Amino acid sequence: MLRKIITIDQEKCNGCGLCVQACHEQAIGIADGKAVLLRDDYCDGLGDCLPVCPADAISFEVREAAAYDEAAVLANKTGQKTVGCPGTQAQQLQPPHSAPAEIFQTSQLQQWPVQIKLVNPHAAYLQNSRLLIAADCTAFAYGDFHRKFIKNHITLIGCPKLDNEDYSRKLTEILLANDVKSVTVVRMEVPCCGGIEQAVKTALQQSGRLIPWQVVTISTDGQILEEIS
């Protein structure tokens, strides 16, 4: 049948996962760091996901699509153990029994503030810096975060899921205004965290600067899963 249904612009989508939570029918999921419509018959066409998208990546289109199937939606909800973004799933973690005490004794932070939205792009400490751009949760998940990541870096943090901001604009300003030597992105494994990685990629592209950069992914139990340069 011909009906109104959502469409998701994969170029604009930053993978934040807010639309996943907003969709009461669970018609949207995350695949390869991007939001996708899982099944046409799960989408009721009301568009609760549209206003929560910070990247304006979701819109309506009229096309041939299966009719909305409320029974299928209810059956799907009943069969699922978790609802919404996988990053909100409750987990109990088992910390190691012991760790070298000296790891946690000295802060390696070199500047303040650290929140991306509060940093002045023209702050003197940004000139000739090595930037660490990290998702908020990473420092809590990875026990040796100060020594491994913050040391010898200027640290900028944020949460793409909770901050209603486009980080790429501020980060582009920073890259244009300063001679940045390198950029390290540290994110969690959850799909929602893809937003901070995407913001950095966008900023690097918009600045036109050839800057060495890498992405490190941390698991929810505090392990380094992947390092991509």
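Q: Which strands form the open sheet, and in what order?
A: In this predicted model, five strands form an open sheet in the order β6-β5-β7-β8-β9, and the pairing within that sheet is mixed.

Q: And which are the edge strands?
A: The edges are β6 and β9, the latter spanning residues 224-228, and each of these pairs on one side only. Direction ignored, neighbouring strands of the sheet are turned against each other by 15 degrees on average.

Q: How do β8 and β9 run, parallel or antiparallel, and how many bridges join them?
A: Strand β8, residues 213-218, runs antiparallel to β9, and four bridges join the two. Within that pairing, Val 216 has Glu 227 in β9 as its bridge partner.

Q: Which strands does α6 touch?
A: Helix α6 packs on the sheet and touches β5, β6, β7 and β8, while its direction makes about 160 degrees with that of β7.

Q: Switching to α5, which of its residues are buried?
A: In helix α5, which covers residues 167-177, the buried residues are Tyr 167, Ser 168, Lys 170, Leu 171, Thr 172, Ile 174 and Leu 175.

Q: What covers them?
A: The cover over the buried residues of α5 includes strands β5 (130-135), β6 (154-158) and β7 (182-188), together with helix α6 (194-207).

Q: Zooming out, how many helices and strands are there in the protein?
A: The protein has six helices and nine strands, and buried residues make up 45% of its 229 residues. Of the contacts with a separation of 6 or more, 72% come from residues 24 or more positions apart.

Definitions and conventions: Residues are numbered from 1 along each chain as its sequence is written. This is a predicted model: local features need pLDDT of at least 70, side-chain atom pairs count only at pLDDT 80 or more; totals for chains, interfaces and linings use all residues. Side-chain values use heavy atoms; hydrogens and water are left out. Buried means under 20% relative accessible area, exposed over 50%, partly exposed in between (1.4 Å probe, protein chains only). Contact means heavy atoms within 4.5 Å. Two strands pair if DSSP finds at least two bridges between them. Axes are lines fitted to C-alpha atoms, for helices over the stretch in contact, and angles run from 0 to 180 degrees between N-to-C directions.
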